[in-house]
Amino acid sequence: MFILRNLFSKISSSFIRTGMSNIRYFENPKPDYENGFSVQILEDQIKQCIDDTIAKIQSYVKPIEKNGGEGIYLGTAGIAYMFYHLSKVPTLSKYKSEYLDKAVAYLKPALTVASHTAGKRKDVPSFILGNCGIYAVAAAIYKSAGDKQQSDNFRQLYYEAEQICKEARFLNCGSDELFVGRAGYILGALWLSKVTKTPFQKKELYELCNVTVKSGRDYAARHHSPCPLMYAYYQVEYLGAAHGICSILQALISVPGFLDAHPIDAADIKACIDFLLSLQSSDGNFPCATDEIGYKSDLVHWCHGAGGMVYLMAKAYLVFREEKYLQSCIRMADLIWEKGLLKKGPGLCHGVAGNGYVFLLLYRLTKKDPKYLYRALRFFEFMESPEFQNEARVPDNPYSLYEGLAGTACFLADLTNPLEASFPFLDVFN
């Protein structure tokens, strides 16, 4: 049985072993769901796959300082998060203590690296690539492990970075996006509040939202944007989840009470969401950036395209309760079923697990439509297939949270608990 055992036996070139190809995805060999199909979660098989995946990660990535850089995206803090994520899944509860011990072990080298960069102000507020993500994961892990003092300490370090984020341009490349900017900080603060069971800092988060809205409004006015708010990262007006307006808007509508307290801003934010909605193509996808509007996009990833845009539209549906947002999500899920078995590998950012999470999102959003759980399970099965094992590209960082197997393990665990499944740090139901 193939259970991701052989996928990374050789860390080879950047291209798939069968050579370069213009097609970014494998043809989906599975029949789509029809009424009467059996939807069975093969828990034992999935758990075996999780065990094999963990063994592979531990074999190739040791919890040492040289592996602790690059935040939760690529470093050991991301692997620490994986173990924390697994420890919270009820079907894996008997391993909770073991997972938390491993989480602490992989967290420590990341904390050491963070201590070296704590004086570099630009690195501190970054949630995905810098210190704040490490602090948030540390606070969550120590909270679960029963170490309140350590948890409170890292939560305080997280909140101290807020003052940097309040500066309109604390980064020259763009201060508002998800990976290094305010959107990541805001979503991280909400996640931290949830997992540590502490009230979120309402006044401070509202201030960050105000700065973010003003930043987008000022940029849109200067550049004559077609929507009230717009943002750029390294001078590119990205639209997708990784660096674009998609995650910025999601952060703004996720802060409880902000829209009600700021009706003018709320109207502009909703207008921006509707502008993005107007860009959805007939096949369900979205352009990666404003300079690609009008061109067909082949990127069906979390970072760029439907795999990430779906979280904004899902949150918009839950906030505004307008059917058009749900229908947008359904179109994206249909596209991902057709073109989401990515050749780039099994990861979250631009891989099969990231796209598989879309089906788990729709399963919850549609109140348990079995079609979406069926589709998620079929994506898991495809990752076990000889075709994927032999022909998928090996990611640059094959064991990391966002590019590699650590993120895959989170997806596999969530398959066993689909009614609480969520892409790391992006649970739209909170």
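What percentage of the 430 residues of the chain count as buried? The share is 61%, where buried means under 20% relative accessible area, exposed over 50% and partly exposed in between (1.4 Å probe, protein chains only). Bear in mind that this is a predicted model, in which local features need pLDDT of at least 70 and side-chain atom pairs count only at pLDDT 80 or more, while totals for chains, interfaces and linings use all residues. Residues are numbered from 1 along each chain as its sequence is written, and side-chain values use heavy atoms, with hydrogens and water left out.

**View 1**
Helices (H or I, at least four residues) and strands (E, at least two) are DSSP runs, numbered from the N terminus. The C-alpha trace spans about 55 × 50 × 40 Å along its principal axes. For 430 residues a compact globule would have a radius of gyration near 22 Å, and the chain's 20 Å agrees with that; the radius is taken over C-alpha atoms, and the globule rule is 2.2 Å times the number of residues to the power 0.38. Now for who touches whom: among contacts with a separation of 6 or more, 71% come from residues 24 or more positions apart, a contact being heavy atoms within 4.5 Å.

**View 1. The surface and charges of the chain.**
About 16900 Å² of the chain is accessible surface, and carbon and sulfur atoms own 50% of that. These areas come from the Shrake-Rupley method with a 1.4 Å probe, and for residues only the protein chains shown count as cover. The chain carries 46 positive and 45 negative charges, and their mean positions sit 3 Å apart. Lys and Arg count as positive and Asp and Glu as negative, with His and the chain ends not counted; each charge is placed at NZ of Lys, CZ of Arg, CG of Asp or CD of Glu.

**View 2. Helix α14 (residues 323-339) and its cover.**
From first C-alpha to last, the 17 residues of α14 reach 24 Å, close to the 24 Å expected at 1.5 Å a residue; the expected span is 1.5 Å times one less than the number of residues. Its buried residues include Tyr325, Cys329, Met332, Trp337 and Lys339. Among the helices covering the buried residues of α14 are α12 (263-278), α13 (306-320), α15 (352-365) and α16 (370-384).

**View 3. Helix α12, one of the helices covering α14.**
Here 16 residues reach 22 Å from the first C-alpha to the last, close to the 22 Å expected at 1.5 Å a residue. Buried residues of α12 include Asp265, Asp268, Lys270, Cys272 and Phe275. They belong to a buried set that packs against α9 (202-222), α10 (245-254), α11 (258-261), α13 and α14.

**View 4. Gly340, in the loop between α14 and α15.**
Gly340 counts as buried because its relative accessibility is 0%. Skip its neighbours within four places in sequence, and Gly340 is in contact with Leu335, Val352, Asn355 and Phe379. Lys143 is 197 residues away from Gly340 in sequence and 36 Å away in space, C-alpha to C-alpha.

With 55% relative accessibility, Arg321 counts as exposed.

**View 5. Helix α18 (residues 405-415), mostly covered.**
Eleven of the eleven residues of α18 are buried, including Leu405, Thr408, Cys410, Phe411 and Asp414. The buried residues of α18 pack against α1, α3 (76-87), α15 and α16. Over in helix α1 (residues 43-60) look for Thr53, which is buried because its relative accessible area is 2%. Thr53 and Leu405 are 352 residues apart in sequence and 6.6 Å apart in space, C-alpha to C-alpha.

**View 6. Glu162 in helix α7 (residues 162-165).**
Glu162 has a relative accessible area of 4%, so it is buried. Not counting residues up to four places away in sequence, Glu162 touches Tyr185, Gln201, Glu204 and Leu208.
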